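Thanks for coming. I will take a few minutes to go through one structure, and I will start with a pair of charged side chains. Please have a look at the model first.

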Amino acid sequence: DTISQTSTQYVRCIKPNKKKSAAEVDNAMVVDQLRCAGVIEAIRISRAGFPARMPLQEFAQRFNLLVRKYSGRALARCQ
């Protein structure tokens, strides 16, 4: 259910091994590819409690005091 509610931005193919065989997996190679692609860091940040994205309207509602500096036009664009 969670995956169907997300919107994919891009798909990254991970090679399971140097032979590109589906029958075997080189864990170190897979982790290295994930690290280089920034996936490991994104997971670390997400686990720390920082959401990847928050719509501007939701931000404006949650942090109203910070948003008051912005004009109404800036907030109207996100509605």
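Let me begin in helix H2, residues 39-47, where Arg-44 and Glu-41 sit three residues apart and are therefore separated by about one helical turn. These two form a salt bridge, with their closest N and O atoms 2.6 Å apart. By salt bridge I mean a side-chain nitrogen of Lys or Arg within 4 Å of a carboxyl oxygen of Asp or Glu. Side chains of opposite charge can pair when their charged atoms come close. Glu-41 counts as partly exposed, at 39% relative accessibility. On that scale, buried is under 20% relative accessible area, exposed is over 50%, and partly exposed is in between, with a 1.4 Å probe and protein chains only.

A word on where this comes from: it is a predicted model, in which local features need pLDDT of at least 70 and side-chain atom pairs count only at pLDDT 80 or more, while totals for chains, interfaces and linings use all residues. Residues are numbered from 1 along each chain as its sequence is written, and side-chain values use heavy atoms, with hydrogens and water left out.

Now the overall layout. The protein has five helices and zero strands, and its elements run α-α-α-α-α from the N terminus on. Helices here are DSSP runs of H or I with at least four residues, strands are runs of E with at least two, and both are numbered from the N terminus. Of the 79 residues, 9% count as buried. The accessible surface comes to about 7,400 Å², and 55% of that belongs to carbon and sulfur atoms. These areas come from the Shrake-Rupley method with a 1.4 Å probe; for residues, only the protein chains shown count as cover.

Back to the charges. How many salt bridges does a search of the whole structure find? It finds three. Another of them joins Arg-62 and Glu-58, at 3.8 Å from N to O. This pair lies four residues apart in helix H3, so about one helical turn separates the two. Arg-62 is exposed at 54% relative accessibility, while Glu-58 is partly exposed at 34%. There is also Glu-24 with Lys-19, whose closest N and O atoms are 3.6 Å apart. Here Lys-19 is exposed at 65% and Glu-24 is partly exposed at 39%.

Next, a nonpolar patch. Leu-56, Phe-59 and Phe-63 make a surface patch of about 240 Å². Patches are made of residues with over 30% relative accessible area and no salt bridge, joining like charges within 9 Å and nonpolar side chains (Val, Leu, Ile, Met, Phe, Trp, Tyr) within 5 Å. Phe-63 is in the loop between helix H3 (56-62) and helix H4 (64-67), and is partly exposed at 34%.

Is Gln-33, in contrast, buried or exposed? Gln-33 is buried, with a relative accessible area of 16%, and is found in helix H1, residues 27-36. Leaving aside residues up to four places away in sequence, Gln-33 touches Cys-13, Ile-14 and Lys-15, where contact means heavy atoms within 4.5 Å. The side chain of Gln-33 also reaches the backbone oxygen of Lys-15 at 2.7 Å.

Last, the cysteines. A search of the whole structure finds zero disulfides, a disulfide being a pair of cysteine sulfur atoms within 2.5 Å. Cys-13 is exposed at 65% relative accessible area, and Cys-36 is exposed at 65% too. That is my last slide.

Methods: Polar contact = N/O pair within 3.5 Å; in protein donor to acceptor, adjacent residues only side chain to side chain.
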